Every structure is written in C-alpha cells, then in structure tokens.
Amino acid sequence: MSINYQTILAAMPKTLAKSLAARLEQPFYGQFTAAERETLEQQSGLVDHDLLLALLPLAAEFAYTPVSGFNVGAIAVGESGSLYFGANMELPQQTLFHSVHGEQSAISHAWLAGEKSISDIVVNASPCGHCRQFMNELTTPKELQITLPNEGSKSLSHYLPYAFGPKNLGISYGLMSAPALPLTIESADELVQLALGHAQASYAPYSKSPAAVVLETEDGQHFCGRYAENAAFNPSLPPMQMALNAMMLKQVPFTSIQRALLIEAEAAEISQVRASKSALTSISNVELEVVFGHQE
C-alpha cells in the first residue's frame, strides 16, 4: 500500500508540487489541517476549490481496487477547515457490497477525526447514486457543495433532487451530529473500552443497533470503525469496512492485523457479526472477537 509520491508530484502544477514535497517527506495520512491548507494556498497560488481539485490525483492514489482497478479520490472539507482525503476500497474475492466508496471514505475519515459537519466534497468522478444517498444523511445536506473537475460546484440537491432522508423517517439529526447511543460493557480490556466509545458514537437512528470495530496491528496501532446507518438502508457503512479503510488511508498492510474486535448490543435489531467476519476473512487469518454490550 505504498504510494510513489514522485510520480504524482511530477504531474502537478510546479508550485504545488514544490510546496507538497517537503510535507510528503514526513508521514502523511491524507489529511491537511486548516493551517497546512492555508500554507499550501499561499505557496502554490491555488486557492479554495482550485487547490482541492489539484490534490485529487494524490487522494486517488490511496485507493485499493483489486477488482475494478478504478481509483476514486475524494476530499472532504470539515467545519474546522481541515481537508480529509478519501479513496475507494475493494476487498479481494468478496462480493461488491463490501466495498467502500471514495466519498464514504472521506466522510468517515473526517468523522473519526472529530468533525461534526462537512461543507464540501471534491471528487474526481461524478458521485454514484449510492454516494449521493450517503451524503444526504449528513447534518448539512442543504448546504453541502459537490465539486467535480470541469463541472464547478453544485449543491447536493442538484445531484439528488426529491431526496429521501432522515426527516422522512422522523429523525431530526444527521450523520456526524447524532447523540451518543446507550451501551455499557464491564471490561478492563483497553481495546474493549476503545471500541465501546466508538460504538456509543455510531450513527444508528433506524435500527438502534450501535456497533464498532477496532483492529490492532503487530506494532500496536489501532484502527477504528463505527456503524454509519442510512435512511435508504443499503448505503449504510459497516464498522469493519470503516476500520479497514482507515488502515488503507494510513498505508498499513492488512496482513499486520493481530487482533480484531467487534462490539455490538446484545439482542440488537441487526447484527454486524457475520458481515464483519466475511470482510475480515478476505484479507486476514485473524479470528474476529465479539463482545456484546447492554443497552439501557
């Protein structure tokens, strides 16, 4: 999962490539803070969407596409002004619904980093219907702007008119701004407690079934995923895929997983166990641990 930055930089505007070169000599995991973004704008002469569009080839290089070979790069702009890369991910020899789309990747990247809303999504290909529906679940779908190469910026409603979303099912909040879900587990295991926090922060207004995954690597890194539900059901993003996508963005090989933990509510309306096992077995021999919590 290593990226040849020199090839990418060679195809970029020279002023941007020069500005990026020093940053990419350090560990880079597809995120620019608001301050780093401002520096890039000043040094490259590219501002706002022009900068983001120029960065898309770099975002697309984070993709893992053993099935299609088609890399989608996306950049989400958080309310803090920070930029979060996203890229599509496919799992080898797995059914395609296990895939993560580029826009889902960028949004979950921002959500896991603590952002509460997204103002813009910039992507190198027109969002598919699946992604348009996923973006409609956000806190600010009316304000969300989508920018494509050679197409300018347009509202989500331009791409998804007459949308069906949370309000149609009586939900007043959206993805990234949901209240914490009640879930308790008595355990001294630090990994369980880490997963519990993410499960409580998961977005499951329709099934009321919180769930989270934590993947631990051989060198002690932890990659987390939370369940992100959708009013249309099918575009929901499972926690295992979110955790694997976080590994992908950090360019950590799936073969380095030494422990995989899923937490969900006991007797929940829906279960992530079978789907999580199926996704995990396509890239690792590690057995999935499952811990059940209690809902108040």
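Reader: What makes a residue pair count as a polar contact across the interface of domain 1 and domain 2, and how many pairs does the rule find?

Author: A polar contact is a pair of N or O atoms within 3.5 Å; within protein, one must be able to donate a hydrogen and the other to accept it, and residues adjacent in sequence count only if both atoms are side-chain atoms. By this rule, 11 residue pairs, both at pLDDT 80 or more, are in polar contact across the interface. The model is predicted: local features need pLDDT of at least 70, side-chain atom pairs count only at pLDDT 80 or more, and totals for chains, interfaces and linings use all residues. Residues are numbered from 1 along each chain as its sequence is written, and side-chain values use heavy atoms, with hydrogens and water left out.

Reader: How do you know how many salt bridges there are between the domains?

Author: A salt bridge requires a side-chain nitrogen of Lys or Arg within 4 Å of a carboxyl oxygen of Asp or Glu; between domain 1 and domain 2 the count is 0.

Reader: Why are these called domain 1 and domain 2?

Author: The bounds come from an automatic or database domain assignment, which gives domain 1 as 29-169 and domain 2 as 190-293.

Reader: What makes the two domains count as being in contact?

Author: Contact means heavy atoms within 4.5 Å, and 28 residues of domain 1 are in contact with 31 residues of domain 2.

Reader: What is the area buried between domain 1 and domain 2?

Author: Buried area is the accessible area (1.4 Å probe) that two parts lose on being put together, summed over both; here the value is about 2,500 Å², with carbon and sulfur atoms giving 67%. In domain 1, Trp111, Leu112 and Glu137 lose the most area to domain 2, together 25% of what that side buries.
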